[in-house]
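Student: I'm new to reading protein models. Could we go through this one together?

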Amino acid sequence: TCPALALYEVYDLGLVGSPDPSNVPNEQEEYKRPFNGPFGINASSIIAGVDQNNIKFFDGASPINDSRNLFGEALEVGNIDLLGNVIGSYKHISGNIRAFILSDTSTSLEPLQMVTGGIISIATDIVQSDTNKTDIVGYTGIQLSTTDPVVYRATLWVDGIPQILGTLGTLGPQEASKAVAVNSSATVVGESSGSVIFNNAPFALRRAFVWDQGVFTEIGNAPAVCKPLWSAPHDINSLGRVVGGTESAQVVQTDRYCAGPTVGFFWDKLNPQFAELPRFTQNGSTLEVRTAFAQAINDFGDIVGVASLNTNLAFGSIAVMWKKNASSTYTEIADLNLQIPSNSGWVLQDAVDINNIGQIIGIGRLNGVQHAFILNPAGTPIKLPPPPVDNGPGTGPGRGDGTTSTSKKKKLGFFGSA
């Protein structure tokens, strides 16, 4: 049972395997999401993820024997929408990486339409728009001739028809762009990358943007504060609130570039001010978190992500949450490990997504072994796996002798047996 102070119940979704590095598109590495794990949870508690290239589904904490569990095709799942449609990327018969949609009624991946010159496409998010259209975002690698370099452009598919969104236009002639998330108002967030000349040498930059009805807006610290070397958005909710990661303005170089540690950020379309999220958590005494990255936000403004006491987010990381206070500001970062039963055996390392019910999915360690998890707000109903069945002597289900079995059946998760 959950102690009175536990805000969440934690459920095991199964063992997490190691992804095949040869199958990971290099263009996606910076987005932090695990390539073998749960990628998205919708408002109906349906979870989609990838296990060794198989698409897997859960309903709450219960595995779904979905006919769409595909073998050996998907490289990554981007997200799942309210209708159960899934998007991601896979290795096309052409040998190139292609974006796909797997509709709720289909048992095969459908490649998304390419633009002229497109050779690579990645889908990162999907939503049902306010105008009853299916909006998908991602990016396309375009090569108009074999002698031309591949250029990457943020892409929006509306009911399957692709549209190249362009770039910020401020980061040099080789500027590239990627779209990472979209909301129901068709507001897109992404990033442009390129370089500027600084001290007579190219200087690499990445800048977050919002695209709305054809207009690009850069989001980041005000130039009067400092200019980030990089800022990467990760999610946008239906109200136009954006979260991601950037370099903190707490340390500023003499050339006015931000030089602080990685921090989560928050930006509101209705009140377009850029704010760094807190890097401190309370655990008896104030504990500084050196690095943090916000990965998802729901419509209530609850934000989840990953943080670390080490400068490397891949080492010693913890799953975290930012919540607003009574004044609707973010004042504290909370370690989700302090919100679950203390004797659970879990160390929650990475919170990937959160839905409007408040359910959180991610990756952690269960008794020292890496597993996927779902956190369910204490007292909230959740679908659980069926009880174990011991097919012992006798006929029919159960032991067959009228007694209760004490044997434990292995739980089947995203990634094999737990």
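Student: What percentage of the 418 residues of the chain count as buried?

Tutor: First, this is a predicted model, where local features need pLDDT of at least 70 and side-chain atom pairs count only at pLDDT 80 or more, while totals for chains, interfaces and linings use all residues. Residues are numbered from 1 along each chain as its sequence is written, and side-chain values use heavy atoms, with hydrogens and water left out. Buried means under 20% relative accessible area, exposed means over 50%, and partly exposed is in between (1.4 Å probe, protein chains only). By that rule, the buried share of the 418 residues is 53%.

Student: How many strands does the chain have?

Tutor: Helices (H or I, at least four residues) and strands (E, at least two) are DSSP runs, numbered from the N terminus. The chain has zero helices, and its strands come to 32.

Student: In β5, which residue is the bridge partner of Asp59?

Tutor: Strand β4 (residues 54–59) and β5 pair in the antiparallel sense over two bridges. In β5, the partner of Asp59 is Ser62.

Student: Asp59 and Lys383 form a salt bridge; how many residues apart in sequence are the parts it ties together?

Tutor: A salt bridge is a side-chain nitrogen of Lys or Arg within 4 Å of a carboxyl oxygen of Asp or Glu, and here the N to O distance is 3.7 Å. Lys383 sits in the loop between β30 (369–377) and β31 (412–413), while Asp59 is in strand β4, so the pair ties together parts whose separation in sequence is 324 residues.

Student: Is Arg207 buried or exposed?

Tutor: Arg207 forms a salt bridge with Glu218, with the closest N and O atoms 3.2 Å apart. Arg207 lies in strand β16 and Glu218 in strand β17, so the pair ties together parts eleven residues apart in sequence. Glu218 is partly exposed at 36% relative accessible area. Arg207 has a relative accessible area of 9%, so Arg207 counts as buried.

Student: Which residue in the turn of the β26 and β27 hairpin has a positive phi?

Tutor: β26 (residues 317–324) and β27 (residues 330–335) pair in the antiparallel sense over four bridges. Five residues lie between the two strands, and the one in the turn with a positive phi, about 60°, is Ser328.

Technical notes. Pairing = 2+ DSSP bridges.
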